[in-house]
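Work through the exercises below with the sequence and coordinates open. Each task is followed by a stepwise solution.

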Amino acid sequence: MSKCRSCGDAAVVDLPRHNANFCAEHLQQLCVRQVQRAIADHSMFETDARVLVAVSGGKDSLALWDMLVDLGYRADGLYIGLGIGEYSEESHRITSVFAEERGLTLHTVDLRQEHGFDIPTAARATRRVPCSACGLSKRHIFDRETIRLGYDVLATGHNLDDEAAVLLGNTIRWDVEYLTRQYPVLEAGHGFPRKVKPLIRLTEREMAAWCVVRGIDYVVEECPMAIGNRHSGYKETLNQLDERSPGTKASFYLGFLDRMVPVLRTGPDRQGAPESCPTCGAPSSSSDTACSFCRLEATASSHEPVPVRMVLNRSARRAFDAQWGEEEA
Ligand code: Q46
Ligand code: ZN
Ligand code: ZN
């Protein structure tokens, strides 16, 4: 049996990028140190900050919430009900149980109840890719609720794998504007809250291991809309590279932060002060027309509800049915 690098006890996980195995205790120590380092290196927030964690029921966001509370931060959760069939129901259940068991405060916004639409319907009604309607809605609601509820900062569970995949996509397209903005801290201002990503130094595998050793129950299934999307393809590609030469993913992304971001930041600041949406008051590019979320809401909430299966392609639908059982359409 393999042994922990730090103490010699039986190891529970091997982490090729550290070229070592770790027991439960030292895995936790490693994860906590990486989070503390990310928070300190990027001055994410002070020890007394009120932090709102965007939780989805997946391993990353629940692990982040768990870690921040464990480190003594005042961290509450915010869950958004996206209406993605059984996947969303299960995510909500798991997130609520997590909060209840630990006596934590969880805020919930349900898209269908509060805005009259869900993600499958929004995708169909606006002919958008589901993840685009979803990302827009999540950003709008996370920003709004962070400010409305008076939190100092919004923390999201994006990990090293997520950020490296986004970086690969932005690089392949040479999207300089996105590359310039790809940073684990977005400052508050112009009606936007401060946003941070404390898990950027930890991989998906490390987050899953954290949940196992901490006994955190999380939604293992991927969102049915994610199956086969481009982002997943980039992740696979980076994992193949990392298998051949462990640590590639980390040096690609963390090297970007260290060495490329300073170069990109010498360019002109492209972000001007936005106007306010005439309908909801959120920051918007124009004060004459409603913001993109309000336009999405107007179109999607007048459309009849669309079940999640109807917006999946054939392979995603097969995977969905295998996971959640065939629904009567
Ligand atoms: S929840 Fe929403 Fe993700 Fe599902 S629809 Fe796409 S963006 S994949 S993180
Ligand atoms: Zn150990
Ligand atoms: Zn608006």
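**Exercise 1: a metal site**

In sequence, the donor residues of the zinc ion (ligand 2) follow the spacing C-x2-C-x15-C-x2-H. The model is a predicted one. Task: identify which residues and atoms coordinate the zinc ion (ligand 2), and classify the arrangement of its donor atoms.

Solution. 
1. The coordinating atoms are SG of Cys4, Cys7 and Cys23, together with ND1 of His26, at 2.0 to 2.3 Å.
2. The 4 donor atoms subtend angles of 97 to 113 degrees at the zinc ion (ligand 2). Four donors count as tetrahedral if all angles lie between 85 and 135 degrees, so the arrangement is tetrahedral.
3. For reference, the ideal angle for four tetrahedral donors is 109.5 degrees.

**Exercise 2: a helix pair**

Task: describe how helix α10 (residues 230-244) and helix α11 (residues 248-264) cross, and at what distance.

Solution. 
1. The axes of α10 and α11 come within 7 Å, with a crossing angle of roughly 115 degrees.
2. On α10 the contact residues are Leu238, Asn239, Leu241 and Asp242; on α11 they are Thr248, Lys249 and Phe252.
3. Sorted by class, this contact has 3 nonpolar, 2 polar and 2 charged residues.

Notes
Residues are numbered from 1 along each chain as its sequence is written. Chains are lettered from A and ligands numbered from 1 in the order in which they are written. This is a predicted model: local features need pLDDT of at least 70, side-chain atom pairs count only at pLDDT 80 or more; totals for chains, interfaces and linings use all residues. Side-chain values use heavy atoms; hydrogens and water are left out. Axes are lines fitted to C-alpha atoms, for helices over the stretch in contact, and angles run from 0 to 180 degrees between N-to-C directions. Helices (H or I, at least four residues) and strands (E, at least two) are DSSP runs, numbered from the N terminus. Contact means heavy atoms within 4.5 Å. Ala, Val, Leu, Ile, Met, Phe, Trp, Tyr, Cys and Pro count as nonpolar, Asp, Glu, Lys and Arg as charged, and the others, Gly among them, as polar. Donors are N, O and S atoms within 2.8 Å of the metal (3.2 Å for Na, K and Ca); water is not among the atoms, so sites may look incomplete. Four donors count as tetrahedral if all angles lie between 85 and 135 degrees; four count as square planar and six as octahedral if opposite donors are over 155 degrees apart and all others between 65 and 115; anything else is irregular.
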